[in-house]
Amino acid sequence: MQYIPSRLEKAISDILIQKNILYPRDLRKETLSKAFGVEIFYNHVSTYSYKKGEYTAIVLNKHGDPKEQNFMFYHELAHIILHSGNQLNEEHYFIWRQELDANIVAHYVAVPYHMRNYIEFNRSDLVELMSDMFFVPQKVIKKRLKQIYERVKNQDTKCKNKIDFRFAF
């Protein structure tokens, strides 16, 4: 069955295409920061994003693994794209929801829909290969592959249910 992305996944992919992010090598934080006009800074402790007017910046932990830094950049970029305001002034549930949204979008950025043709899904070393190709940790690849698998499985189930329903009468 053909994979059909969610509307959010397709929207993220379209944004990346508009920014000329077309190949896995384009997904490095340095390339994305230029494409989105975001400055990158490093510190010794936390990772966060900052937005005031037109100015945006992402602060990353300088001691993090480079692949983890790349993914954390995606997470913070998602906050810049999706959210406004200061989380320090928000309710716990609202913060939790923003973090959930940012994580979902970060996984869509990590392995965008429009780059699916670069993936050889039948490889035995798929996770390792994708981790190196998309420059994110293997745990991110595993979660993204699970998202894809679950979506295909749900699409297949919906399709079968429609067919079963039609022929039930």
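Q: What makes Ala-110 count as buried or exposed in this predicted model?
A: The relative accessibility of Ala-110 is 0%. Buried means under 20% relative accessible area, so Ala-110 counts as buried. The model is a predicted one.

Q: Where does Ala-110 lie, and which residues does Ala-110 touch?
A: Ala-110 belongs to helix α4. Leaving aside residues up to four places away in sequence, Ala-110 touches Leu-27, Phe-71, Tyr-74, Phe-134, Val-136 and Val-140. A contact of this kind requires heavy atoms within 4.5 Å.

Q: Why is the pair of Tyr-3 and Tyr-113 called tilted?
A: Four aromatic pairs are counted in the model. In the pair of Tyr-3 and Tyr-113, the ring centres are 6.1 Å apart and the planes stand at 40 degrees. Rings pair if their centres lie within 6.5 Å, and planes under 30 degrees apart would be stacked, whereas those over 60 would be edge-to-face.

Q: Which parts of the chain does the pair of Tyr-3 and Tyr-113 tie together?
A: Tyr-3 lies in the segment before α1, and Tyr-113 lies in the loop between α4 (92-110) and α5 (126-134), so the pair ties together parts that are 110 residues apart in sequence.

Q: How do you know whether Tyr-3 and Tyr-113 are buried or exposed?
A: Tyr-3 has a relative accessible area of 13%, and that of Tyr-113 is 14%. Both values are under 20%, so both residues are buried.

Q: What is the place of Ser-6, and is Ser-6 buried or exposed?
A: Ser-6 lies in the segment before α1. Its relative accessible area is 15%, which is under 20%, so Ser-6 is buried. Ser-6 touches Tyr-108 and Arg-151, when residues up to four places away in sequence are not counted. Ser-6 and Tyr-113 are 107 residues apart in sequence, and their C-alpha atoms are 9.7 Å apart in space.

Q: How do you know that the span of helix α1 agrees with its number of residues?
A: Helix α1 has 12 residues (residues 7-18). The expected span is 1.5 Å times one less than the number of residues, so α1 should span 16 Å. The end C-alpha atoms are 16 Å apart, which agrees.

Q: On which side or sides of α1 do its buried residues lie?
A: The buried residues of α1 are Glu-9, Ile-12, Ser-13 and Leu-16. They cover an arc of only 100 degrees around the axis, which puts them on the same side of α1. An α-helix has 3.6 residues a turn, so residues three or four places apart point the same way. The face turned away from the buried side carries the exposed residues Arg-7 and Gln-18.

Q: On which side or sides of α5 do its buried residues lie?
A: In α5 the buried residues are Leu-126, Val-127, Met-130, Ser-131 and Phe-134. Their arc around the axis is only 130 degrees, which puts them on the same side of α5.

Q: Why is Phe-135 called buried, and what is its phi?
A: Phe-135 has a relative accessible area of 18%, which is under 20%, so Phe-135 is buried. Phe-135 follows α5 and lies in the loop between α5 and α6 (138-166). Its phi is positive, near 55 degrees, in a residue other than glycine.

Q: How do you know that Arg-28 lies over the face of Phe-135, and that Lys-19 sits over the ring of Phe-36?
A: Arg-28 is at 3.7 Å from the ring centre of Phe-135. The charged end of Lys-19 is 5.1 Å from the centre of the Phe-36 ring. The rule asks for a distance within 6 Å and a direction within 35 degrees of the ring normal. Both distances are within 6 Å.

Conventions: Residues are numbered from 1 along each chain as its sequence is written. This is a predicted model: local features need pLDDT of at least 70, side-chain atom pairs count only at pLDDT 80 or more; totals for chains, interfaces and linings use all residues. Side-chain values use heavy atoms; hydrogens and water are left out. Helices (H or I, at least four residues) and strands (E, at least two) are DSSP runs, numbered from the N terminus. Buried means under 20% relative accessible area, exposed over 50%, partly exposed in between (1.4 Å probe, protein chains only). The arc is that of the directions from the helix axis to the C-beta atoms. Rings of Phe, Tyr and Trp (its six-membered ring) pair if their centres lie within 6.5 Å; planes under 30 degrees apart count as stacked, over 60 as edge-to-face and the rest as tilted.
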